[in-house]
Amino acid sequence: MIDTHSHLYADEFKEDLQEVIQKSRGAGIDKIVLPAIDSSSHEQMMDLAKAYPNYCIPMMGLHPCYVNNQYEAELQLVREWLGRASFAAIGEVGLDFYHSTEYKIQQELAFQLQIELAIEKGLPLVIHSRSSMDECIKMIAAHGKGKCRGIFHCFGGDERQAQKVIELGFYLGIGGVVTYKNSSLAKIVENIPLEHLVLETDAPYLAPVPYRGKRNESSFLVPIANRVAELKSITVAEVDEVTTANAKKIFRF
Ligand SMILES: [Zn+2]
């Protein structure tokens, strides 16, 4: 299995990172893709990628929650990194109007520039869309020129939005929320073919049941896969096979 979204370089893992990686290998996780946040954590992310080559694979991009008046300088650093190392995707990028709309215009500009960057570099996009699903869909449609592909990470939309995402050629990132009681995501996962889904933990956030409320980690991808299998009345092996193939296709592993 591939954990398509995990912030394992976060401070939450400082004490026991080696153990966490060992556990994830033991749980059958073959690769972990690391989404970038901003320049304050680039070094930490790249150090982790260097320590576990071909296992922890970095993305590069500016997270929408970290966009402010300095976003142009941050995007310059993103460009520099893209010029001197190899990355699986432009991510995580997008719009977040849940936490704040103070820099709404800057968020939109930064997202547009990073959509264009993905096209220029031939890389997939990993999109963060919180309280902004329709706006993200609109921006991909307007600026992606039909050339963009990637993942709507931690998909939190409805059926209509899921269809739109699929029409754009994007996949839905499914994580711990699918294991929560009364989660509307469960119904969506039931109805959307596996061919459009990838699995993710978003560690250290959003741990699945039975770890809900605790620190999330990549080995917890297993209960997520189990829940998807249960919802679709198929085996975990089938979930693994198809979602891993999807992730390999997106990231060109
Ligand atoms: Zn994330």
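In this predicted model, Cys-154 lies in the loop between β6 and α6. Strand β6 covers residues 150–153, and helix α6 covers 159–167. The phi angle of Cys-154 is near 50°. This value is positive, in a residue other than glycine. Most residues other than glycine have a negative phi. Cys-154 has 23 other C-beta atoms within 10 Å. The cut-off for a buried residue is 20 or more, so Cys-154 is buried.

Asn-54 also has a positive phi, near 70°, and is likewise a residue other than glycine. Asn-54 is found in the loop between α2 and β3. Helix α2 spans 39–51, and strand β3 spans 56–58. Around Asn-54, 9 other C-beta atoms lie within 10 Å. A residue with 12 or fewer counts as exposed, so Asn-54 is exposed. Cys-154, by contrast, is buried.

Cis peptide bonds were examined next. Most peptide bonds are trans. The bond joining Ala-203 and Pro-204 is cis, with omega about 10°. Pro-204 lies in the loop between β8 and α8. Strand β8 runs over 197–199, and helix α8 over 221–232. A cis bond also leads from Val-209 to Pro-210. Its omega is near 10°. Pro-210 has its place in the loop between β8 and α8.

Note on methods:
Residues numbered from 1 in each chain as written. Predicted model: local features only at pLDDT ≥ 70, side-chain atom pairs only at ≥ 80, totals over all residues. Helix = DSSP H or I, 4+ residues; strand = E, 2+ residues; numbered from the N terminus.
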